[in-house]
Amino acid sequence: MDLLPYVFHEVQQGQLCAQHALNNLLQGPYFTAVDLSDIARGVDEEELAVLNDEARARAQPSTSANYDDSGFFSVEVVMRALAVWNLTMTPIMSERTVDARAAPENEEAFILNLDQHWLTLRRFGHSKDRWYNCNSLLPAPRHVSEVYLSALLDQLETEGYSIFVVRPADPAAPGLPPSEADAYAAAVPVPPREPAPAQQADTGRTLNDSVDDDGMLSEAIAMSLSGSGDGSDKGEELMLQSAIQMSLESQESEADRIRRKRLERFG
């Protein structure tokens, strides 16, 4: 997609995915492991201060639930780091984020966590068509279409990821800091998309054949998360477009179908 030369992207180093997720969200090298460790130690001190004398005596001074030498940082540390930028992260299942569940494409960003891995999904230029998967496990960010965003979030939730909606602490205040990619996205129209081919070159099957389009979509999502494939978005985008077009046989658009399912699930 057109924003790739302008999107800041930290790739995975060791286990520092929390640092990478934050910097990819903010679009700059704003946090280091040392910065996050300092925040984590502050959280440890606050937690220790609320314990009674007996519990404080039993606490192990050399261990922390908020960080370790591998590069792991807890949800609380990431939350405190975002607070430095007057940003909040709210679980998507919260009553305060009902609108995000119904229409995730209207949000600015999501930050996700599974075990010790963190990743960011972010849009640029306030455009629903310019979402990017900024997972540090990928060699470069990957464009996420408006329809694919809902499918990707559903897939990640199924895999066990905790999904947080990133918003400004003050709803009237600006959200994420402006970036070079935001400036480009605001100045240049979204390029038109090439239509998906009516026939798959590798299988010879037409869109009218009986194929598992949900399986194709899941496979493309897995490619996006793992960084596998030929290193470009083109094959993945064609696969996604083909899978989505196949689902249109039901006379209901993919976007409407996904929104309907989310509304049925979450109310």
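Contact, as I use the word here, means heavy atoms within 4.5 Å. I'm working on a predicted model, where local features need pLDDT of at least 70, side-chain atom pairs count only at pLDDT 80 or more, and totals for chains, interfaces and linings use all residues. Residues are numbered from 1 along each chain as its sequence is written, and side-chain values use heavy atoms, with hydrogens and water left out.

**Entry: Trp118**

I listed what Trp118 is in contact with, leaving aside neighbours within four places in sequence.

**Entry: the cores**

I took a nonpolar core as a set of buried Ala, Val, Leu, Ile, Met, Phe, Trp, Tyr and Cys residues joined through side-chain atoms within 4.5 Å. Buried is under 20% relative accessible area, exposed is over 50%, and partly exposed is in between (1.4 Å probe, protein chains only). The largest core has 26 residues, and Leu22, Leu36, Phe73, Ile111 and Trp118 touch the most other members. Helices H1 (17-26), H2 (33-49) and H4 (75-84) each give two or more residues to this core, as do strands S1 (87-91), S2 (109-114) and S6 (162-168). H1 gives the most, with 6 residues. I also found a second, separate core of 16 residues, which includes Ile92, Leu112, Val144 and Leu156.

**Entry: whole-chain numbers**

Helices (H or I, at least four residues) and strands (E, at least two) are DSSP runs, numbered from the N terminus. I count 10 helices and 6 strands. Of the 267 residues, 47% are buried.

Pairing needs at least two bridges found by DSSP between two strands. S2 pairs with S3 (residues 117-123) over 6 bridges, and Leu112 stands opposite Leu119 there. The S2-S3 hairpin has 2 residues between the strands, and Asp115 takes a positive phi near 55° in it. S2 also pairs with S6, over 5 bridges, with Ala109 opposite Val166. I noted that S2 is mostly covered, with 5 of its 6 residues buried.

Further along, 3 bridges join S4 (residues 131-133) to S5, and Tyr132 has His143 as its bridge partner.

**Entry: Trp131**

Is Trp131 buried or exposed? Trp131, which lies in S4, is buried, with a relative accessible area of 0%. Its side chain reaches the backbone oxygen of Glu105 at 3.3 Å. That is a polar contact: a pair of N or O atoms within 3.5 Å, where within protein one must be able to donate a hydrogen and the other to accept it, and residues adjacent in sequence count only if both atoms are side-chain atoms. I also checked Arg142, which is 11 residues from Trp131 in sequence and 8.5 Å away, C-alpha to C-alpha.
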